Amino acid sequence: MIRLRSAGLLRRLLLFILLFSLCFTVLASSVQLYFEYRREMREIDSRMELIRAGYLGSLERNLWDLNQEQLTVQLQGLVDFSDVARVHLVSSDFDLQQGNSELIGPLRVERFPLSYQPPSGPLRQLGELQVSTDLGAVYRRLYATGLASLLWMSVFLCGLAVALSGLFYRLVTRHLQVMADFARRVAAGDLQQPLHLDKRQRPGGDEIDTVARALDDMRRAILDDVQRREADRLALQDKRDELQKMVQRRTASLKHAKDEAEAANLAKSRFLATMSHELRTPLNGILGMAELLRQAPLEQQDRQRLQALHQAGEGLLGILNEVLSFARLEEGESRPEVRDFSLRQLLEEVTTLLQPRAEGNRTRLELHIDPQLASRQQGAEQYLRQVLSNLLANAIRFTEGGWVRVEVQVLSSSAEGQRLRCCVRDNGIGIAASMREKIFERFVQASDEVTRRYGGTGLGLAICKHLLQQLDGRIGVDSELGQGSCFWFELLLGIGQEPLPVPALPAPTQALQILVVEDVALNREVASGLLERDGHQVWLAQDGESALALCRHQAFDLLLLDVHLPGISGVELCREIRQRPGPNQQVRIVALTASVQPAVVRGYLQAGMQGILGKPLQLESLRQVLAGQVQPPPLADPQGLLDQGVLDTHRRLLGEQKLQGLLQVLANALDQQQPLLADALAAEDCTEVLHLAHRLAGSADSMGFCALARALREVESAAQHSERPALTTLTASLQPLWQQSRALLQRLLEA
């Protein structure tokens, strides 16, 4: 039996055949009825013509003869004709009618005029014969014939449709069902059983055989591909295991290399710190003694020698500063501080500072500034000062008896600011073409002859390039050997605002009793000389033990402690004074050190120190500390989020404007890194959490946000040991602390 429910294609085929059969049957029956109708109409026409030819002459004579009986017989004969329902004779003498007089169906009425030609006289009109044919009988015969034809044709076509459907099912549909089941088994992974159709195989096969062979070929191809993939998977698994072991070995090797690199970097930092201290300490004595001797009455020759000594010390200090500055740039410790300043004033200060050096080299300094330059700029003033100082100092050094010109040109102006091009031109010795690109590399100079004649470290231009890259600027040189040089740089500077008036720094109103603890005799003499010049009473100690002995018996207004002391260090000495009851437990203590990096400043402040003086000791810095510059009152911090001492020290050492710049840098860093840290914590990406937490903790710690730094250190430690449950707990506690610290930072910025 044909399964119509499951065979959708067969069902549609059967319905299509039936519909076609119905349309064909209706069309064929309609055509047949049309021809039958035409035949019936022709037969009626034939009978009417027979009546005209065979009966009209007899009727006309009988009517002329007034033979009513014969007329009646003739009319009755006409009624006997097939489908003639009624005849009606109308004349002036008779009104005769035969047949059914009450027909209601459709009738066809034919009218025959009756006339007679007498032997003598004109043609006479006698009357009219009306013959009515019953069309209803014709229509009934046509209906019966059409219905019978339609019925028999429908039966025939339905039988043909069923027979064709059965044949289609046997030849096509059942095989399609088998192939569909086969495709489902293949999709389910049953690839071992081949496709088999229940049909007679013929040479060459038909379309069904072609599809079946294609499906079976597909099964074999999939089976081969699965087997090949399985072999590849096993090979990949072996390779993965081998690669994993290799990665583990490489990770261990990289970790070892990282530890060695960090140790080397730590050693480098310690070396730089030591070099800073060891070199700045004698420089402090040299420059300090030169400063003291300047006030003494000296002969002209001695004064010139003193000036040469001071310049040599300043030159040595400049070389040391360049080396340390480049080291800080390489380590990423130096960051541009954006502030409002006057580029015109900065250029005047730099040229004024280098004017004596130019005069000593018989070189004329010129300054040309574009009138379109704004009165105030916004950018990294300190970076620009260092770049301009380096470029101008180089131009003066390599130009004897000539001129050096500084030019500032406004390239374009927009809402973002002004794009400037600064050029330092000279007519000095020039640079060979082969060295124009190399001179911006570190420790590279134009030639060995230039190095021997003019000196220098070869770091100045490298520092300039590094600083301008951090400012998104670019630097270059145009030069010809023996024709002079033009060092130029381009960068975008914002438009700055006019500065607010700054109150004058209060000076100390009375002499202070000051204890200076310094292990180098020359430095002690320099410090005491500078302090005694301003009228202060000075006590000196060369180590921590003697300083403690003095502090037990004598009250001081200020202690200046060298950080690196033999025996007890300056930091340990400060802790000892703060913890031991005595007359100096609450005295102001200021550190004397060449190490003023933010990373070490925190340790000094935690020990109880209240300020830092950098070496070499400068008279103006010393006077600022002695004056005790008034700081703004600390913000309320009931949660203990902020180490106020760190903030006050930065404010004292760097100034309020630079401190605000550092706080803004910290705010930007927190805003940018917090979403990244939150995403990494949500994804439990320990590597990224470790990296971000370490960076943010260092930034927060350097600006005194101790609570946030501690929390980030805990997150860093948990990420380092991949303690994911601990990270989940720390994340919940970090969020409110982050919000509180950010709010406190905002209040500091708005203060």
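Asp543 caps the N-terminal end of helix 12 in this predicted model. One of the side-chain oxygens of Asp543 lies 3.4 Å from the backbone nitrogen of Glu545.

Let me continue along this helix, which comprises residues 544–553. Which of its residues are buried? Gly544, Ala547, Leu548 and Cys551 are. These four cover an arc of only 100° around the axis, and they therefore lie on the same side of helix 12.

I turn now to the packing of the two helices. The axes of helix 12 and helix 13 are 10 Å apart, at an angle of about 20°. Because angles under 35 degrees count as roughly parallel, that description applies to helix 12 and helix 13. The crossing of helix 12 past helix 13 is right-handed. On the side of helix 12, the contact is made by Gly544, Ala547, Leu548 and Cys551; helix 13 contributes Leu573, Glu576 and Ile577.

Is Ser91 buried or exposed? Its relative accessible area is 15%, and buried means under 20%, so Ser91 is buried. A polar atom of the Ser91 side chain lies 3.2 Å from the backbone nitrogen of Asp93. Beyond its neighbours within four places in sequence, Ser91 is in contact with Leu63, Leu126 and Gly127.

Methods
Residues are numbered from 1 along each chain as its sequence is written. This is a predicted model: local features need pLDDT of at least 70, side-chain atom pairs count only at pLDDT 80 or more; totals for chains, interfaces and linings use all residues. Side-chain values use heavy atoms; hydrogens and water are left out. Buried means under 20% relative accessible area, exposed over 50%, partly exposed in between (1.4 Å probe, protein chains only). The arc is that of the directions from the helix axis to the C-beta atoms. A polar contact is a pair of N or O atoms within 3.5 Å; within protein, one must be able to donate a hydrogen and the other to accept it, and residues adjacent in sequence count only if both atoms are side-chain atoms. Axes are lines fitted to C-alpha atoms, for helices over the stretch in contact, and angles run from 0 to 180 degrees between N-to-C directions. Angles under 35 degrees count as roughly parallel, over 145 as roughly antiparallel, 65 to 115 as roughly perpendicular and the rest as oblique. A crossing is left-handed if the near helix is turned anticlockwise from the far one by less than a right angle, and right-handed if clockwise. Contact means heavy atoms within 4.5 Å.
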